[in-house]
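Please read the numbered points below with the structure open beside you, and look up each residue as it comes up.

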Amino acid sequence: MSDTEKPRLDTLSELAELRDRVVRLEDAEVERQQAADALRESREKLLSIVENVGVGIVVISPEMEVLELNRTVRSWLPDIRLGEKLSCHHAFCDPPRDDPCAGCPVLQTLEDGLVHEVELERTTPVGPRVHRIIASPIRGADGQVSAVAEIVEDVTDRRRVERERSELERQLYQVQRLEAVGQLSAGLAHEFQNLLTAILGHAEVLRRRLESDPVKAREGLEMIEQVGQRAIGLAKSLLTFSREVPAEIRPVNLTALVHQSVRFVRRMMPASIEVSTELPDSAAVWVEGDSSQLQQAIVNLAINARDAMPEGGRLRIALGEAACGESRDGVETSGGFARLVVEDVGTGIAPEALPRVFDPFFTTKARGQGTGLGLSIVHGIVERHHGRVDVRSEPGKGSAFEIVLPRIPPASESGPARSSPAPPRGAGELVLVGEDNRFVRGTIVSVLAEYGYEVLAVGDGASLMEAFEQRKSDVRVVIVDVDLPRRSGLAFLAGLRERGDRIPVIALTGDPELDLPAGHGPQTVLVRKPFGVAELAGKVATMLGSVGFSERGA
């Protein structure tokens, strides 16, 4: 190779190397541009998602200034402009605040770097709206919180649907309860006929014995009183079961509740169905819950069992300890678990239907013979009591429903009632009585006369007001039924108080849920029917003897 050819080759090698470098740079630039395009496209997609998502998104700085808003938030708050360095509590609160809100989730996230959530109601031009706010940290390269992303969701409609669903469930429970009461009516009518037969029979015997054998007459009176108390207890149990009352969570003696429920259940069963029980003989089983709802669950399961045995059979109700206890939501309990079993020997449930037996409106009964709500209501009641309900069934052999509930330590129960001392006798004070039921009116007159009071009794509100105006200087106490014809007792009472008359009034009612309107003060007391002889006489004596009742007028 000549001396002139060697430099030429070196130059060509350098040019080739330079060309390769240029190609690599061009490829790198293409890759960089592609990466930049991909990044830009990804960023635009992300911004589009943030901008058009159905929730509000706000970015807030550590100084609590609003940095970014998406379209949803701008539609809620069209007057906010970025770049004005508005604090979030000034921008989003109505009226604007100078300091952060109490419990501000953004402030909490800035302090501890964790996700925080809150739900609040704010007034808008279209009315009050409920917003769910989630504050999530945005971290820089150093891992420190550089800003907070606040996600705001309008949950107004969701909360409204939840309230409507809760109201519908409440109505369904009441429908089920009243349906059970209707099925109890035949048995209760028979029971009351027995009680009335006993009362009337003893009254007839007593009338014949009064003159000839006073000792046996006293025995007859005691029997009438016992049968009457039995009728009162039956009526109270029916009212407690049928009426609609808010849930009252308290310690419940489940053993006693099952005993009481079984008495209801026996009246609902035809003679072809035998009801057997297996209940603890010693210590009572206690749970925490609402006794009315728990009783409804038992009765619903009994009705379901009865309908599964159209040809008759055996219904078994057993209460004891659960072999293994774990509530549905994992609630821990120091008292173990109670197990309640309602078992029948009826038609059973097909395997394909078992997974759906607790679904609302699902029923295997013929059209018109069931609503499909009974078992779903049982399921809801048990879950609200932190328990679980399971079913075992085999077609042609029957079904067993098992409820497991967390037990609690035994609660104290009141001991036997002590007899109260006899109320003091009156000294001829005039008591005005307004009662439309002639039997109750006659009883009140007899009782008060026996205790030494003078009694003036009428049967309607207009006559009551007329008698009061004629003898108001002599009347010391008024006894009035709240639901009188021609003018209600409540209207009579309101008229007295409006004109400043403080005469003591004893209001009578048979409604277990009625309460007197506020503002009547201690001069007015409410007595619920049925009441005892001594109870009424004692109330009259108490009202007469109370301080401040001796003077009339404003």
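1. The side chains of Ser 399 and Ser 393 are joined by a polar contact of 2.7 Å, and since this is a predicted model, that distance is a computed value. Ser 399 lies in strand E12, and because its relative accessibility is 5%, under the 20% limit, Ser 399 counts as buried. Setting aside residues up to four places away in sequence, Ser 399 touches Val 342, Glu 343, Asp 344, Gly 348, Ile 349, Arg 392 and Ser 393.

2. Is Glu 321 buried or exposed? Its relative accessibility is 58%, and because this is over the 50% limit, Glu 321 counts as exposed. Glu 321 is found in strand E9, and its side chain makes a polar contact of 3.2 Å with the side chain of Arg 407. When neighbours within four places in sequence are left aside, the contacts of Glu 321 are Phe 337, Arg 339 and Arg 407. Glu 321 and Phe 337 are 16 residues apart along the chain, yet their C-alpha atoms are separated by 5.9 Å.

3. In soluble globular proteins, nonpolar side chains tend to be buried together. The largest nonpolar core of this model has 40 residues, and the members that touch the most others are Leu 254, Val 258, Leu 315 and Ile 403. At least two residues of this core come from each of helices H7 (254-268), H8 (291-307) and H9 (374-384), and likewise from each of strands E7 (273-278), E9 (313-321), E10 (337-344) and E12 (398-406). Helix H8 supplies the largest share of this core, six residues.

4. Which residues does Val 258 contact, once its neighbours within four places in sequence are left aside? They are Leu 279, Ile 298, Ile 317, Leu 319 and Leu 340. There is also a second, separate core of 19 residues, and Leu 448, Tyr 451, Leu 508 and Leu 536 are among them.

5. The axes of H7 and H8 come within 10 Å and cross at roughly 35°, and the crossing is right-handed. On the H7 side, the residues making the contact are Leu 257, Val 258, Gln 260, Ser 261, Phe 264, Val 265 and Met 268. On the H8 side, they include Leu 294, Ile 298, Ala 302 and Arg 306.

6. An open sheet is formed by five strands with parallel pairing, in the order E14-E13-E15-E16-E17. Strands E14 (454-458) and E17 (524-528) stand at the edges with a single partner strand each, so one side of each is left without a neighbour in the sheet. On average, neighbouring strands of this sheet are turned by 20° against each other, direction ignored. Within the sheet, E15 (residues 475-481) and E16 (residues 505-509) pair in the parallel sense over four bridges, and Val 480 has Ala 507 in E16 as its bridge partner. Helix H10 (residues 438-450) packs on the sheet, where it touches E13, E14, E15 and E16, and its direction makes about 170° with that of E14.

7. Strands E1 (residues 56-60) and E2 (residues 66-69) run antiparallel and are joined by three bridges, with Glu 68 in E2 as the bridge partner of Val 59. The hairpin of E1 and E2 has five residues between the strands, and Met 64 in this hairpin takes a positive phi near 70°.

Notes. Residues numbered from 1 in each chain as written. Predicted model: local features only at pLDDT ≥ 70, side-chain atom pairs only at ≥ 80, totals over all residues. Heavy atoms only, no water. Core = buried A, V, L, I, M, F, W, Y, C linked by side-chain atoms within 4.5 Å. Buried < 20%, exposed > 50% of the residue type's maximum accessible area, 1.4 Å probe, protein only. Contact = heavy atoms within 4.5 Å. Polar contact = N/O pair within 3.5 Å; in protein donor to acceptor, adjacent residues only side chain to side chain. Pairing = 2+ DSSP bridges. Axes fitted to C-alpha atoms, helices over the stretch in contact; angles between N-to-C directions. Left-handed = near helix turned anticlockwise from the far one by under 90°.
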